[in-house]
Amino acid sequence: MKADNRRGVLRLFGLAALVPVLGYPTAVWAASRSISIPTRPFLLRRELERGLARGASLLVTREWKGQFESIAGQTRVTGEQVSCTVDAPAVLEPIAAVERDRRSPGPFPARLDSRGRMVGSQPANTEGTAAAVQAAIGVLEQSGKSAAEMQEAKLYLALLAKTAGTIIGTTPPDLFFPVTGEARDSRELPLPGGLRGEFSVELEASATTGGLLERFERRITTRIAEDVRLSRETWLLSLT
């Protein structure tokens with residue numbers, strides 16, 4: 001994937017892009033949106049699933065304990081990892097063991113602006129969730145342009161799965177205070193040898209009445225004949 005394409009899709013996958021789906025222009029949302037910063041600690045959970053061949057998957061689940069702090073008129077979010085579990089096929093146990101022992105900083109520390117967006121993240125895009133999905137679709141289509149040259153559908157699937165992982169792997173800039181919404185789109189894949197394929201992109205976010213994250217999920221599924229692979233990232237937050 002070209003660097004400019006990667007930057008474009010990662011920018012569009014930020015949750016600020018969800019605003020127009022609800023019928024509010026970004027400028028209006030920025031002026032009228034009110035969030036409530038909690039004083040209680042929270043538990044943040046991230047599930048990251050990578051689809052493998054023959055229906056297998058690698059699932060890494062991490063949890064962080066965190067706290068919102070008000071410092072000099074700004075909101076700072078701090079946290080530290082408290083657990084990590086890895087579910088993987090036995091053949092991947094050496095990789096799973098390394099992942100279990102690795103401590104990840106997650107999205108911490110982070111500074112939030114008055115709208116709850118991470119300071120220093122990519123600027124909000126005005127296109128909306130549907131356009132974010134379209135952007136991801138476009139990147140995936142471009143990543144697969146070499147399918148005809150490769151003449152091997154399985155290699156094509158592996159390439160698409162790798163691209164999907166790149167899209168999934170960035171932290172949404174509106175993670176802690178998302179605008180709720182959902183969108184889905186799919187495309188058929190032109191494959192050599194008469195095989196049929198498809199990939200789909202899904203986004204969904206929900207929040208409390210105070211705007212705080214409840215659940216955010218991104219899913220990219222690639223299918224070639226009977227081979228289906230899923231890249232999924234799910235964030236969950238609960239006050240403690």
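A salt bridge is taken here as a side-chain nitrogen of Lys or Arg within 4 Å of a carboxyl oxygen of Asp or Glu. The model is predicted: local features need pLDDT of at least 70, side-chain atom pairs count only at pLDDT 80 or more, and totals for chains, interfaces and linings use all residues. Residues are numbered from 1 along each chain as its sequence is written, and side-chain values use heavy atoms, with hydrogens and water left out.

The structure contains 18 salt bridges. One of them joins the side chains of Arg117 and Asp174, at 2.9 Å from N to O. This pair links distant parts of the chain, 57 residues apart. Arg117 sits in the loop between strand E4 (110-112) and helix H4 (129-143). Asp174 sits in the loop between helix H6 (153-168) and strand E5 (181-190). Helices (H or I, at least four residues) and strands (E, at least two) are DSSP runs, numbered from the N terminus. Both Arg117 and Asp174 are buried. Buried means under 20% relative accessible area, exposed over 50%, and partly exposed in between (1.4 Å probe, protein chains only).

Two further salt bridges connect strands. Arg232 pairs with Glu217, the closest N and O atoms being 4.0 Å apart. Arg232 belongs to strand E8 (residues 227-239) and Glu217 to strand E7 (residues 213-224), so the pair ties together parts 15 residues apart in sequence. Arg232 is buried, at 9% relative accessible area. Glu217 is buried too, at 11%. The side chains of Arg184 and Glu202 meet at 3.8 Å, N to O. Here E5 holds Arg184 and strand E6 (residues 196-207) holds Glu202, 18 residues apart. Arg184 counts as exposed because its relative accessibility is 52%. Glu202, at 26%, is partly exposed.

A nonpolar core is a set of buried Ala, Val, Leu, Ile, Met, Phe, Trp, Tyr and Cys residues joined through side-chain atoms within 4.5 Å. The largest has 19 residues, of which Phe42, Leu44, Phe68 and Phe176 touch the most other members. Strand E1 (42-51), strand E2 (57-71), E4, E7 and E8 each supply at least two of its residues. Apart from this core lies another, of 5 residues, among them Val60, Cys84, Val86 and Ala96. Beyond neighbours within four places in sequence, Leu44 is in contact (heavy atoms within 4.5 Å) with residues including Trp64, Phe108, Phe176 and Trp235.

The peptide bond between Phe108 and Pro109 is cis, with omega about -15°. Most peptide bonds are trans. Pro109 lies in the loop between helix H3 (93-101) and E4.
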